[in-house]
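The sequence and the structure come first.

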Amino acid sequence: MSDFTMPSLGADMDSGTIVEWLVKPGDHVQRGAPMAVVDTDKAAVEIETFQSGVVGDLLVEPGQRVDVGTPLATMLAAGEAPSAAPVSVGKAKRPRARRVPPPREAAAPVPPAVPREAEVAAAAPPAPSPPLRHHAAELGVDLASVTGTGTHGRITRRDVDAAAHRPRVSPYARRLAEELGVDLAAVTGTGTSGTVRAEDVRAAAHARPEVPPVSTEAPRSDRATIAALMSRSKREIPHYYVATTVDMHTVVSWLRDTNRDRSVAERIVPAAALLRAVALAARRMPQLNGFWVDGVFVPGEDVHVGVAISVRRGALVAPALRHAADLELPVLMQALRDLVGRARSGRLTRAELADPTLTVTDLGDQGVEEVFGVIQPPQVALVGIGRLVERPWAVDGLLGVRPLVRLSLSGDHRATDGYTGARFLATIDDLLQHPEAL
Amino acid sequence: MTPDQARSLVSKQIRFIVPDADLDGLPPDADLRRTLELDSLDFLEFVERLSKDAGVRIDEDDYPSLATMESCQAFLAARTAASD
């Protein structure tokens with residue numbers, strides 16, 4: 001038996017709240033399967049298991065905030081007998097979460113017998129399929145509480161629909177309800193087809209005569225998380241800064257021409273072309289793509305470009321556009337829309353939050369022409385993109401009006417020098433002058 | 001399309017992107033992107049939804065016509081009249 005523990009989803013995370021379990025005791029899970037949804041201070045993230053096996057007990061209830069490293073569930077290797085004690089669903093049998101994670105248990109013993117997967121699979125009802133889990137998540141149904149009526153106790157779509165006596169709840173409203181201690185079952189939704197919205201939750205909270213404390217430990221605010229990370233960055237990282245102006249005429253004209261043949265949904269915005277150029281430049285210059293760990297530079301395994309996204313609650317999150325240098329521009333554009341959409345309303349994956357190798361902050365849409373960002377440790381570089389502006393610009397000895405953008409690079413001087421940063425920006429500029437190759 | 005119909009159509013798309021947007025207090029000539037802090041991806045989504053819902057084609061060259069509530073109303077009135 002081994003433990004499934006709260007993972008660290010970034011350098012700045014030291015605890016997280018289980019929002020929802022995606023598995024139940026007895027479920028057969030493969031390595032990489034999503035186990036639970038965790039709310040960090042920045043986003044809701046699906047966390048996956050690194051071990052195939054059977055889910056034992058769930059040790060932490062939804063809503064509980066625990067430190068990184070705290071066991072969340074026990075995992076049995078395939079063929080291993082489940083504990084004799086009755087399986088408790090959602091009720092923590094262990095003492096409630098402590099501030100200090102318990103010491104790591106010894107490595108899981110290897111089961112002596114040959115795994116009898118077939119027997120285990122036959123004994124436990126088959127795990128709900130991913131589409132069904134998705135359906136259940138959409139309806140806000142906890143699969144652990146659904147009784148399956150299909151073959152071998154399998155949960156069917158109808159079972160999920162039947163369990164969905166609760167109206168739909170927007171993710172934000174759900175979180176708010178959790179924070180305010182509002183029972184969602186008692187809230188009347190005013191949104192489309194009875195969807196419970198944030199206002200409904202607030203109204204319900206105001207209507208209550210008294211507000212009982214939800215949690216004894218107040219969650220750290222988004223601001224505090226950012227404050228801690230940025231202080232660490234400025235304390236530890238000797239930043240250097242370089243900047244340049246890029247003539248966007250060629251790429252903007254090319255996008256305008258190619259976008260004419262695209263449906264609105266497929267159109268590509270200049271921000272995507274800039275990200276693509278950054279990703280390609282990072283592949284060419286790996287010394288800016290990676291991490292500073294224990295006094296040495298460790299290159300990133302691939303180019304995962306972190307994209308700083310302001311989430312509507314006022315928080316900031318920088319999930320990765322993974323393998324960005326391998327994404328053709330139209331694919332990257334869709335990946336970007338998907339990532340931004342999920343960061344704001346849905347879910348990010350553990351990998352997206354944990355492993356950006358270089359971050360880009362684009363403040364152009366906020367009206368500033370130039371931004372010099374603070375590096376996200378342990379990364380070693382941050383690219384700043386300003387607003388696309390039309391300005392007089394000399395081309396071949398003639399003055400014209402051109403769309404321009406200011407690009408900056410904040411570099412970690414321990415890892416690279418300004419010379420490298422300057423070459424990096426020149427590479428991006430060069431790539432943007434040949435948009436058909438992006 | 002009447003100005004009122006256009007207004008409610010535009011408001012519907014904006015609410016989808018910015019659920020808590022205060023559209024009643026929005027002056028008709030206020031810049032939508034700046035006032036509502038829409039980035040280029042938000043704006044693209046706005047255009048996509050508006051185009052689908054109103055059943056009109058919207059090109060990038062039309063984007064300046066979608067700057068304010070007032071200009072959106074004028075654009076939709078002209079575009080739907082043209083396709084009738």
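The sections below cover the basis of the model, the overall count and selected pairs.

## Basis

This is a predicted model, in which local features need pLDDT of at least 70, side-chain atom pairs count only at pLDDT 80 or more, and totals for chains, interfaces and linings use all residues. Residues are numbered from 1 along each chain as its sequence is written, chains are lettered from A and ligands numbered from 1 in the order in which they are written, and side-chain values use heavy atoms, with hydrogens and water left out.

## Count

Over all chains, the search of the whole structure gives 27 salt bridges. A salt bridge here is a side-chain nitrogen of Lys or Arg within 4 Å of a carboxyl oxygen of Asp or Glu.

## A pair within chain A

A:Arg347 and A:Glu20 form a salt bridge, with 3.0 Å between the closest N and O atoms. The two residues are 327 apart in the chain: A:Arg347 is in the loop between α9 (329-344) and β16 (348-349), and A:Glu20 is in strand β2 (residues 15-21). Helices (H or I, at least four residues) and strands (E, at least two) are DSSP runs, numbered from the N terminus.

A:Glu20 is buried at 18% relative accessible area, while A:Arg347 is partly exposed at 24%. Buried means under 20% relative accessible area, exposed over 50%, and partly exposed in between (1.4 Å probe, protein chains only).

## A network across two chains

A:Arg256, A:Asp257, A:Arg260 and B:Asp61 are linked in a network of salt bridges. B:Asp61 pairs with A:Arg256 at 2.5 Å between the closest N and O atoms. B:Asp61 lies in the loop between α3 (40-54) and α4 (69-83) of chain B and A:Arg256 in helix α7 (residues 249-260) of chain A, so this pair joins two chains.

A:Arg260 and A:Asp257 form a salt bridge at 3.3 Å, N to O. Both lie in helix α7 of chain A, 3 residues apart, about one turn of the helix. A:Arg260 is partly exposed at 42% relative accessibility, and A:Asp257 is partly exposed at 46%.
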